[in-house]
Amino acid sequence: MGCYIYNLAKRRKTKGEGHNFVLADRISELPDEILVSILSLLSLKEAATTSILSKRWQHMWASTMTLNFDAKLDLGSSNLRHFRGLQSEIRYQESHRYINWVNRVLEQHKGPSIERFRACFDIDHRFTSSIDKWIQFAMTKRVQILELEFIVAFSVIYEGHYAFPYPDLKHLCPSPLHSLGHNIGGFESLKVLSFRYVDVTGEILEYFLFHCPVLEHLTVHASTNLVNLRVVGSSIALKHLAIVRCFGIKSIQIRDVNLVSFVYSGGFVNLGISNVPLLIEVSICETDDDFELDTDIIKIVLGQLSCVVSQLEILRLDIDQPIYDKKYEFPVFANLKHLELIVEADYRWLLHQLNSFIKASPFLQRLALKLQFQTWKCNEKLKKAAIFPHHYLKVVEIVGYRGRRLAVAQVMHLIKSAVALEKIVIDPVRRWLYPKGMERVLAEVKKEVKARDHAMQHIKHKVPSTIEFVCL
């Protein structure tokens with residue numbers, strides 16, 4: 001319905017009146033709240049276009065409940081590449097244009113509340129006063145989803161991020177948000193909070209957790225000020241927590257909460273998890289330049305998860321450091337159904353590592369291997385990896401496949417081990433490095449084409465006819 005109304009507006013703009021607008025007039029008879037709901041499904045620019053339909057529609061768009069100022073949607077992939085190549089002075093001018101656009105829309109907004117406020121562009125601390133006003137606006141409108149993503153030009157960590165307001169808590173201010181001129185009561189409706197390239201402290205995050213009674217999703221990406229985070233207390237409503245690339249963080253404590261999923265990606269962190277009975281999905285990628293070559297990341301991570309291992313249903317780990325300790329006894333993943341591992345594909349002990357995970361996961365149904373490729377040498381004489389029949393594993397995915405020396409042997413080992421296997425998927429695209437919408441360089445695409453051909457020639461004919469073979 002929203003797209004239909006938008007197309008009508010475009011047609012009127014280009015062709016004038018027509019009989020097709022009889023239906024538009026009938027739509028105009030709907031109550032305001034229904035029309036606003038329809039317009040909220042459109043982008044801001046599409047919604048604004050409907051103002052030419054009739055006098056009644058002229059200001060209707062200004063009550064939209066979705067304010068998505070995501071410039072990436074307008075730039076597109078080709079223009080985004082062009083933007084990244086601009087000189088810093090020109091990017092700064094473009095940032096000013098973005099700021100002015102957001103300010104104009106907020107000044108015209110008439111609705112009493114909004115469901116979503118999203119700002120996404122290359123802006124930093126130089127625009128603090130404007131961003132503070134946006135947050136004030138969102139609080140006043142009792143926003144439910146607040147997303148601030150302040151970088152599109154590049155993805156490196158740098159100083160100069162916008163810092164979320166934080167006065168000295170030792171003074172008699174009612175909240176860390178006091179400098180915004182509003183009490184945090186304006187965030188009582190907040191359900192989703194996402195900070196990307198925004199500097200925020202653990203104290204501010206904890207204040208949100210304790211004073212936002214329906215906050216269920218919290219994501220913090222690339223904050224340089226986050227050092228310690230405590231998610232502790234049965235009164236906290238949080239269900240999903242993601243901390244990504246906050247390389248200054250030293251400690252995360254999660255205790256006595258009803259968290260369902262947890263994502264951590266970054267440097268080594270002092271991670272403590274206990275009494276989290278609903279936690280069933282965990283994703284951890286810990287990398288650190290201070291790690292010794294013989295550091296067993298598997299032991300470290302599984303030790304951090306020791307209190308929840310038996311209840312996990314979905315587990316994603318980055319274990320691409322080539323360390324295998326045959327004496328280490330894995331804990332039992334009694335409820336694990338889905339396992340994803342980023343692994344060093346050329347490590348000759350890889351099959352032994354996989355055997356350990358498979359044996360420890362008796363009810364595993366889906367296994368995804370994401371392949372990294374480096375050159376590692378092992379001086380020990382290797383034993384052939386034994387086959388341990390698994391009776392529940394139904395789907396195996398090999399992501400980032402390349403036609404390397406051990407590739408076929410690894411795939412065949414998994415096929416023989418999974419006696420109930422129904423489907424095997426070979427995917428040459430390294431999707432964990434190239435999220436949806438992110439373009440890959442030509443050299444990467446050529447490797448994918450070559451890998452796809454290798455899989456069709458060397459693996460497909462070896463897969464039993466009872467197993468579905470898919471090469472993406």
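Beyond its neighbours within four places in sequence, A360 is in contact with F330, P331, V332 and F333. These contacts belong to a predicted model. The C-alpha atoms of A360 and A334 lie 7.9 Å apart in space, although the two residues are separated by 26 residues in sequence. A360 has a relative accessible area of 6%, and because this value falls under the 20% limit, A360 is classed as buried.

A360 forms part of helix α10, which spans residues 350-360. Of the 11 residues in this helix, 10 are buried, and α10 is therefore largely enclosed by the rest of the structure. Besides A360, the buried residues of α10 are L350, L351, H352, Q353, L354, N355, S356, F357 and I358.

The chain has 472 residues, of which 51% are buried. Among contacts with a separation of 6 or more, 67% join residues 24 or more positions apart. The accessible surface of the chain amounts to about 23,400 Å², and carbon and sulfur atoms contribute 52% of this area.

Technical notes: Residues numbered from 1 in each chain as written. Predicted model: local features only at pLDDT ≥ 70, side-chain atom pairs only at ≥ 80, totals over all residues. Heavy atoms only, no water. Buried < 20%, exposed > 50% of the residue type's maximum accessible area, 1.4 Å probe, protein only. Helix = DSSP H or I, 4+ residues; strand = E, 2+ residues; numbered from the N terminus. Contact = heavy atoms within 4.5 Å. Areas by Shrake-Rupley, 256 points an atom, 1.4 Å probe, with all protein chains shown as cover.
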